[in-house]
Amino acid sequence: NGNRYFINNDMGDLIIARFDPQGYVEVDRTRLLEPTSNSAFGRTRRNSRSVNWSHPAYANQHIFARNDEEIICASLQE
């Protein structure tokens, strides 16, 4: 999206970032969903914490994301 990248992590966060020659620049971050699944990595990842593994979908300036309990739609318009 222009010079911005949308990144989703396994904690349910949506991160907006830029990448430039100096590296990663985080522009903004928000929690979209709470993680609800057990980690497949067990004790190797922060004491088997809950994670959100589902991949989001992007359409018409919106993000659609889900966990094991809910589905959300959030606007990505500036």
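Glu34 has a relative accessible area of 46%, and so is classed as partly exposed. Please bear in mind that this is a predicted model. The side chain of Glu34 meets that of Arg31 in a salt bridge, with 3.3 Å from N to O. Arg31, for its part, is partly exposed, at 38% relative accessibility.

Which residue does Arg31 bridge with its closest N and O atoms 2.6 Å apart? That residue is Asp13. Is Asp13 buried or exposed? Its relative accessibility is 8%, and because buried means under 20%, Asp13 counts as buried.

Let me continue with another pair. Glu26 and Arg29 form a salt bridge in which the closest N and O atoms are 2.9 Å apart. Both residues are classed as partly exposed: Glu26 has a relative accessibility of 35%, and Arg29 one of 40%.

How many salt bridges are there by this rule? The count comes to four. The residues I have named so far, Asp13, Glu26, Arg29, Arg31 and Glu34, are linked in a network of salt bridges.

I now turn to a sheet. Three strands form an open sheet in the order E6-E7-E8, and their pairing is antiparallel. Why is one side of strand E6 and of strand E8 left without a neighbour in the sheet? Strand E6, residues 57-59, and strand E8, residues 71-75, stand at the edges, and each has a single partner strand, so one side of each has no neighbour there. From one strand to the next, the twist averages 20°.

Within this sheet, E6 and strand E7, residues 62-66, run antiparallel and are joined by three bridges. Tyr58 stands opposite Ile63 in E7.

How do the residues of the lining divide into nonpolar, polar and charged? Five are nonpolar, six are polar and three are charged.

That concludes my presentation. Thank you for your attention.

Conventions. Residues numbered from 1 in each chain as written. Predicted model: local features only at pLDDT ≥ 70, side-chain atom pairs only at ≥ 80, totals over all residues. Heavy atoms only, no water. Pairing = 2+ DSSP bridges. Helix = DSSP H or I, 4+ residues; strand = E, 2+ residues; numbered from the N terminus. Axes fitted to C-alpha atoms, helices over the stretch in contact; angles between N-to-C directions. Nonpolar A, V, L, I, M, F, W, Y, C, P; charged D, E, K, R; others polar. Buried < 20%, exposed > 50% of the residue type's maximum accessible area, 1.4 Å probe, protein only.
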